[in-house]
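Subject: Structure handover

Hi,

Here is the structure for you to look through. My notes come after it.

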Amino acid sequence: MATSRASGQHDLLNFVLDTTPIIDNHAHPLLKSQFMSEHPLLSIATEATGDAIRDTGSSLAHIRAVKQLARILGCEQTWDAVASNIEQQRVASPRAWTQRCLEGIETILVDDGLGVPEQAEAYSWHDSFTTSKCKRIVRIESVAGDIIARHCIAATTTYVSHPDEVVRSLEKHADDIILEFEAEVKRSLADPEVVGFKSVICYRGGLDIVSRGELPFAVAKRDLGRIIRAHVEGEHDFVAKKRLQERWVNQLLVHMTARLISESNSSFKKPFQFHTGLGDTDIHLATASPSFMQTFIREYPTVPIVLLHASYPWTREAGYLAAMYSNVYADIGEVFPFLSRHGQESVIKQILELCPWSKILGSTDGHLFPETYLLATIQLRSVLKTILGELVHTGQLDENQAVTLAQDILFTNSKRLYNLSVKTTLPNYAQLKDSAPVILRQAPPLDRLRSMEGKILRVCWHDYTSTTRCRLVPIKQVYKALESGKPLTISITKACFGLLQTDTLIPQVNGTGAYLMVPDWSTLKPGPVDGHVSVFATFQELDGRAAVLCPRTLLRKTLAKAASQDLTFLIGFEVEFLLLERISDQTTEGRFRTKRHDGHAWSRASALADWGREGSLGSAADEMLTCLADAGIEIEQFHPESAPGQFEVVLGTLPPLEACDALLHARQILESVAARHGFKMTLHPKPFAGVPGSATHAHMSVSSRNGGDPDVYESFYAGILEHFCALIAFTYANPTSYERMVDSCWAGGRWVTWGTQNKEAPLRKCEDSHWELKTLDGLANPYLAIAAVLAAGIEGVRTRTPLKWKDCIEDPAKLTKAERGVLGIDKMFPKDLHEALQALSADRELASLLEPAFVQRYIDSKNAELEMLDAMSSDERRRWILERY
């Protein structure tokens with residue numbers, strides 16, 4: 001999937017990056033609507049102008065911008081389609097579209113010295129689209145240009161009647177210009193609407209600024225006089241463009257501004273921004289590196305100096321200066337969206353190599369078109385997710401530090417540097433952590449959806465046959481629903497929880513009635529294929545009541561009951577699966593076969609030797625791990641298992657509901673990647689005789705504060721053991737599951753017992769409250785299985801059920817009857833699903849702990865499924881299951 005490698009892996013961090021408002025420390029005004037057609041929309045992702053802009057369509061930055069805008073607009077991913085849809089937005093709902101483009105911005109510090117001031121909106125016009133009022137950044141060359149233009153006009157009037165007088169007064173004009181410029185800077189220093197200054201001297205001779213002592217002041221004054229004389233005599237119309245080209249005049253302006261800032265009485269020194277690096281062809285590229293500014297930086301140690309645009313391609317130089325000088329700050333704007341994603345990631349990595357993050361400022365460099373703001377904010381947040389996620393994943397930062405870093409770059413650093421009063425107050429890490437379960441459930445789905453850049457939303461559910469089903473909704477329809485302020489819901493037949501794998505209704509169900517399927521946005525993840533994002537749903541009655549038969553609701557209710565007893569849990573799944581080769585020979589019976597045996601064995605390194613070879617299992621596994629990480633699914637381990645083509649992925653521990661969601665999403669990814677590589681991924685418990693089977697072992701622990709108390713966790717597991725024979729109907733939910741239930745094969749065996757570090761026991765004690773449930777496979781619905789297991793354990797804690805079974809440290813199948821008796825081992829599991837369902841039906845207590853209506857529907861569904869499967873031969877059933885699981 002084409003998403004960030006760490007996207008979603010750290011939910012709290014990603015929430016912060018999605019929702020922290022951006023203080024845009026450097027941007028430009030938008031065009032008035034009547035002037036937009038006079039400027040090329042193609043410029044939104046390039047600095048190229050003139051003929052060069054025609055080639056921008058083949059740049060990575062442009063292609064990415066087209067894809068992102070197309071997904072938001074819900075149109076075809078072509079420039080023509082995007083441009084057409086933007087034009088439609090401008091006509092139909094210009095303010096709404098602008099609001100969408102500037103969404104998530106706290107305030108904009110507007111450099112309103114753009115080259116087309118009469119065509120641009122005032123800086124305060126943007127207030128209606130931001131949370132806090134916008135402020136001004138004064139571009140000093142524009143101020144000087146206006147002053148010089150006034151003098152040019154005055155001198156021209158004088159020239160008509162007294163030409164000689166103009167020549168004699170050139171020096172006075174120069175002196176007056178300097179005095180008026182100084183007065184304007186002082187006015188701006190006193191103006192609360194102005195929070196900083198900016199120079200584009202990078203475009204006006206370069207950044208090799210001499211020291212104030214070396215500045216040829218007389219030459220600068222003479223150049224000012226020459227500008228006026230050239231205008232008056234018709235050699236150069238300065239008033240038309242107000243463009244200062246004279247090197248020493250520009251350097252004089254910069255020194256004057258810096259001196260006045262440093263001499264200001266206020267303890268707060270207004271920052272001085274400098275364009276550095278990236279720019280159009282007007283730039284002096286050879287002297288655009290901020291390293292030329294070192295002398296200037298030293299000369300004004302009390303003046304905060306902001307190096308704009310990541311100084312690209314001299315990002316490391318900017319990072320060095322910001323790290324070594326207390327008054328230097330590095331802005332990271334304009335590279336979003338003008339660089340490719342790879343380039344943007346490199347910029348962030350390079351700036352963080354040396355530069356403290358407290359010196360880094362976020363910005364969009366938005367200008368002219370609202371889409372420039374939109375692309376910049378989307379890409380900045382997305383790239384930070386990747387980089388910060390990797391830093392946390394590799395242990396270079398902990399989550400607390402990464403959250404602080406994100407908030408500082410996007411918000412806090414600029415607030416502090418520019419001394420801003422804004423409406424938003426950010427929560428600290430402790431506050432975020434305390435409210436994490438709530439805020440992650442309530443995270444704005446629009447922001448999260450847009451950050452994932454999907455085209456299709458999969459709304460998924462998992463039914464009683466352990467089949468994942470889904471409805472696909474075009475992302476444009478999702479945005480339309482959510483932007484209306486209404487929840488996204490899908491009406492679906494109540495028969496969905498009474499369907500077999502063949503879409504046949506079980507006898508007890510008819511086609512009447514409907515549920516509302518409601519996405520749980522906390523489950524939103526990218527994948528399982530490129531362009532798709534997925535969410536799991538819960539089911540409601542039409543009046544809003546929870547649907548009793550909904551598997552996720554059943555588990556949620558069980559967890560609520562646990563919480564009432566101060567019990568919480570963590571679950572971690574081990575996903576065993578087999579990759580089968582597809583058979584193209586139509587004369588061969590069956591469509592799949594195991595990989596040819598070449599020494600594949602448990603944890604054997606040589607089983608991974610073909611990693612990277614096209615068409616190999618290793619390459620498929622490589623993409624699987626990448627896509628799981630992209631989806632934010634934590635992987636603790638991955639290794640070959642015993643059968644040819646068999647592997648195991650160990651998922652990280654999560655609270656039970658989240659763990660089940662992650663498991664099912666992981667399975668979809670594994671299945672999709674395998675199919676793309678030409679393989680079939682199967683969870684069949686025992687697909688081939690003589691080949692080790694596959695399970696989905698669950699590691700469980702009591703994570704509440706009393707979970708380490710043996711009186712608590714032993715009663716919990718005693719409750720499970722007490723109801724184990726009935727629970728097996730949920731954990732071994734298919735007749736094929738019982739083909740794997742054999743003794744002495746590390747499969748959990750057939751005896752109801754437990755044992756410390758005993759892989760032959762169905763419950764293996766690992767350490768304290770951490771135990772492993774081995775009798776669970778991939779054909780079980782995990783919501784139902786975990787809900788049932790937890791319900792039995794919770795009841796064990798409530799009734800303080802004693803752990804009457806002794807610790808079995810041997811293979812129970814190899815013990816004598818007397819030896820088993822000493823350990824309290826006196827029951828065997830049901831031999832097949834028929835017996836398991838009978839045990840479940842007889843266990844009235846377990847039914848009452850769950851929901852009797854649910855238990856009955858489950859039994860009815862499984863009996864109907866058995867009737868269908870029992871009519872098949874064992875080989876037919878094996879192939880039938882292989883094709884579906």
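**Ground rules**

This is a predicted model, so local features need pLDDT of at least 70 and side-chain atom pairs count only at pLDDT 80 or more, while totals for chains, interfaces and linings use all residues. Residues are numbered from 1 along each chain as its sequence is written, and side-chain values use heavy atoms, with hydrogens and water left out.

**Overall**

The average pLDDT of the protein is 89. A score of at least 70 is reached by 96% of the residues. (pLDDT is the predictor's confidence in each residue, from 0 to 100.) Residues 1-9 have a pLDDT below 50. In the model that stretch still has 39 contacts beyond near neighbours in sequence. Contact means heavy atoms within 4.5 Å.

The protein has 885 residues, and 60% of them count as buried. Buried is under 20% relative accessible area, exposed is over 50%, and partly exposed lies in between (1.4 Å probe, protein chains only).

There are 32 helices and 23 strands. These are DSSP runs numbered from the N terminus: helices are H or I with at least four residues, strands are E with at least two. Along the principal axes, the C-alpha atoms fill a box of roughly 125 × 55 × 55 Å. Of the contacts with a separation of 6 or more, 76% come from residues 24 or more positions apart.

**Helix packing**

Two packed helices are described by the angle between their axes and the distance between the axes. Axes are lines fitted to C-alpha atoms, for helices over the stretch in contact, and angles run from 0 to 180 degrees between N-to-C directions.

*H7 and H10.* Helix H7 (residues 170-190) packs on helix H10 (residues 247-263) at about 40 degrees. Their axes are 10 Å apart. That angle makes H7 oblique to H10. (Under 35 degrees counts as roughly parallel, over 145 as roughly antiparallel, 65 to 115 as roughly perpendicular, and the rest as oblique.) The contact of H7 with H10 has nine nonpolar, one polar and three charged residues. Here Ala, Val, Leu, Ile, Met, Phe, Trp, Tyr, Cys and Pro count as nonpolar, Asp, Glu, Lys and Arg as charged, and the others, Gly among them, as polar. The H7 side includes Phe181 and Lys186. The H10 side includes Met256 and Arg259.

*H21 and H23.* Helix H21 (residues 551-564) packs on H23 at about 155 degrees, with the axes 9 Å apart. The two are therefore roughly antiparallel. H21 contributes Arg552, Leu555, Arg556 and Leu559. H23 contributes Pro656, Leu657, Cys660 and Asp661. By class, the contact of H21 with H23 has five nonpolar, no polar and three charged residues.

*H22 and H23.* Helix H22 (residues 617-630) also packs on helix H23 (residues 656-676). The angle is about 145 degrees and the axes are 9 Å apart. From H22, the residues are Ala620, Glu623, Met624, Cys627 and Leu628. They meet Ala666, Ile669, Leu670, Val673, Ala674 and Arg676 in H23. This contact of H22 with H23 has nine nonpolar, no polar and two charged residues.

**Single residues**

- His723 sits in the loop between helix H24 (710-722) and helix H25 (724-731). His723 is buried, at 5% relative accessibility. Beyond four places in sequence, His723 contacts Ala792, Asp843, Glu845 and Leu846.
- Gln407 lies in helix H16 (residues 399-417). Gln407 is buried too, at 9% relative accessibility. Its contacts beyond four places in sequence include Val16, Thr20 and Leu432.
- Ala842 belongs to helix H29 (residues 833-842). Ala842 is exposed, at 58% relative accessibility.

**Backbone**

Most residues other than glycine have a negative phi, and most peptide bonds are trans. Please look at these spots:

- Phe336 to Pro337 is a cis peptide bond, with omega near 15 degrees. Pro337 is in helix H13 (residues 335-338).
- Gly527 to Pro528 is cis, with omega near 15 degrees. Pro528 is in the loop between strand S13 (525-526) and strand S14 (532-540).
- Glu334 is not a glycine but has a positive phi of about 70 degrees. Glu334 is buried, with a relative accessible area of 1%.
- Asn419 has a positive phi near 55 degrees. Asn419 is in the loop between H16 and helix H17 (429-434).

Best wishes
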